Amino acid sequence: MSVLKQKFVSSSFWVIVGRGSSNLSTFVIFVLLARFLGPLEFGLVAFASLFIDVTRSLALAGTPQALVQRKEWDDRVASTAFWSNMIFAFVFVLLMIFLVAPLVSMLREPRIGPILSVLSVTFLVDAARATHEAKLQREFRYRLIAGQTVVGTVVGGIVGVTMAFMHFGAWALVASRITASVVQTFIMWATVKWMPRFTFSLDGERSLLAFGLHNSGAALLGQLNARAPEFIIGTFIGPAGVGFYRVGTRAIGMLQDVVITPMQATALSAFSRLGTRDSIGRAYLRLTKACAVVSFPVYFGAAAIAPDFITLCFGAKWTDSGMVMAMLGLAGGAATLAYFSQPTLNALGRSDLAMATSLVTLVSNFAVALVSVHFGVVWVAFFVTFRSYLSTPFGLYLVRTTTGISGRQFIEGLTAPFISATLMLVTTVGMKYALLQDLHPLLRMMVMIAGGTVVYVTSMLLIGRARLREVRTELRPILLRFGINV
């Protein structure tokens, strides 16, 4: 196994550990907050957060990714990136406080404006650690990133739950988010032995922006894609609708952070070091096939148990969120393919194509959300899932033309896990309505998980044994380093 491959898998492992620990603690905190707060409080903060999350990539101008993609680390260029990030972040804080917040308060909901103004402080806090984090990513030191993420999440969660218990309402969520961001930045500065110089290189800034603007545009469109349904729901239904949708997406987002995002986060670092078109294409294909073996059953299984899961964790008042989670879980198959196309195109220097992919997805996402919003949040989730499968071929076409991977190679690598996961989904849902209706939701969910696992593993052993061997071969050398023998 090559040194680069070891670094990639090892880094992905630590991102999984970090995100898994962070998501577990975040989810526990999220459940507690949902017990104290209602859909309106969640919706107010979620709708305000849309404007922060969507524009964050513009505030950073893609410079962290540009630093990761560069062949060599240059302190002068890195310092330039730091100061430009802080300047852009300050500008966006002013825009949010004096322009966006007043407009949102006037046109939609007066209570959102103050929340948005306070949340905008995170632009500066996050920008202060962006360059440091890029340095760790270049060096594949994802263990440190994982640690600061977990600590920040836990501390922020404790603050949020305490304030919710003291009846601070939506402001408990605001305080939780700001606290987590501040703690992560403090730890990053204390850990990374790098300080920005008081210097600014125009040539360095031009080189960063040449790559970063395309990447930032793609990231902006990616955020718009992900948050378009919430924006449409908030505009036409109101903050409470956003609250229902956000709770439904939370568990799916946690699965994505554990299953897909770790490898996506490290893919650009690894792909950029491979250099050649063919090697990047082969790496993309192997990564996608390995991920599909896990992601398909996890997402489809989440869709099957979603209504019971939401009721057990959050309470009966969040019933609509269970159906939202079920609909979005079915989109996991498309997500497995789409999420690795962006790092591949960026590693090949085709960030323009990455942005084109995001633009096509954005237009279709807004279209389906506008068409379906009048039928309710569950139908929005259904149409978003339907759209994800329709638009996936376009992204795959761009990857195929830039890397030379054939369509047959895609199909061969994904057929077995997709069929097995689909069979698992049909079997578990059939069990629920034919045999398990009278059981307690917790017991019913446990039986469905056990039955689904048996069906998927059996099916893979029958039709996907070769895929299982490939995944085992890929991961075994790295897992052995952590005492895991497979």
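## A tour of the helix packing

Select α4 together with helix α5 (residues 112–119): their axes come within 8 Å of each other and cross at roughly 155°. The two helices are therefore roughly antiparallel, a label for angles over 145 degrees, whereas angles under 35 count as roughly parallel, 65 to 115 as roughly perpendicular and the rest as oblique. Axes here are lines fitted to C-alpha atoms, for helices over the stretch in contact, and the angles run from 0 to 180 degrees between N-to-C directions. Helices are DSSP runs of H or I with at least four residues, strands are runs of E with at least two, and both are numbered from the N terminus.

The model is predicted, so local features need pLDDT of at least 70 and side-chain atom pairs count only at pLDDT 80 or more, while totals for chains, interfaces and linings use all residues. Residues are numbered from 1 along each chain as its sequence is written, and side-chain values use heavy atoms, with hydrogens and water left out.

Remain at this pair and display the side chains. On the α4 side, the residues are Met96, Ile97, Val100, Ala101, Val104 and Ser105, and they meet Ile112, Gly113, Pro114, Leu116 and Ser117 in α5. Contact means heavy atoms within 4.5 Å. By class, this contact of α4 with α5 has 8 nonpolar, 3 polar and no charged residues. In this scheme Ala, Val, Leu, Ile, Met, Phe, Trp, Tyr, Cys and Pro are nonpolar, Asp, Glu, Lys and Arg are charged, and the others, Gly among them, are polar. The crossing of α4 over α5 is right-handed, that is, the near helix is turned clockwise from the far one by less than a right angle, and a left-handed crossing has it turned anticlockwise.

**Next, select α2 with α4.** Helix α2 covers residues 39–60 and helix α4 residues 75–107; they pack at an angle of about 150°, their axes 10 Å apart. These helices are therefore roughly antiparallel to each other, and α2 passes α4 in a right-handed crossing. From α2, the contact takes Phe47, Phe51, Ile52, Thr55, Leu58, Ala59 and Leu60; from α4, it takes Asn85, Phe88, Ala89, Phe92, Met96, Val100 and Val104. The residues of this contact of α2 with α4 divide into 12 nonpolar, 2 polar and no charged.

**Then select α5 with α8.** What is the angle at which the axes of α5 and α8 cross? The value is roughly 10°, and the axes come within 10 Å. The two helices are therefore roughly parallel, with a right-handed crossing. Pro114, Ile115, Val118 and Leu119 of α5 touch Ala170, Trp171, Val174, Arg177 and Ile178 of α8. This contact of α5 with α8 holds 8 nonpolar, no polar and 1 charged residues.

His167 lies between α7 (142–165) and α8 (170–191). Although not a glycine, His167 has a positive phi of about 70°. With 73% relative accessibility, His167 is exposed; buried means under 20% relative accessible area, exposed over 50% and partly exposed in between, with a 1.4 Å probe and protein chains only.

**Go to Asp75.** Asp75 belongs to helix α4 and is partly exposed, at a relative accessible area of 28%. Setting aside neighbours within four places in sequence, Asp75 is in contact with Trp194 and Arg197. A C-alpha to C-alpha distance of 9.0 Å separates Asp75 from Met195, 120 residues apart in sequence.

**Go to Gly413.** Gly413 sits in helix α18 (residues 407–435). Is Gly413 buried or exposed? Gly413 is buried, its relative accessible area being 2%. Outside four places in sequence, Gly413 is in contact with Lys289 and Arg467.

**Select α13.** In helix α13 (residues 319–329), 8 of the 11 residues are buried. The buried residues are Ser321, Gly322, Val324, Met325, Ala326, Met327, Leu328 and Gly329.

**Finally, show the whole chain.** The protein chain has 20 helices and 0 strands. Of its 486 residues, 55% are buried. Among contacts between residues at least 6 apart in sequence, 84% join residues at least 24 apart. The chain exposes about 20600 Å², with carbon and sulfur atoms supplying 70% of that area; accessible areas come from the Shrake-Rupley method with a 1.4 Å probe, and for residues only the protein chains shown count as cover.
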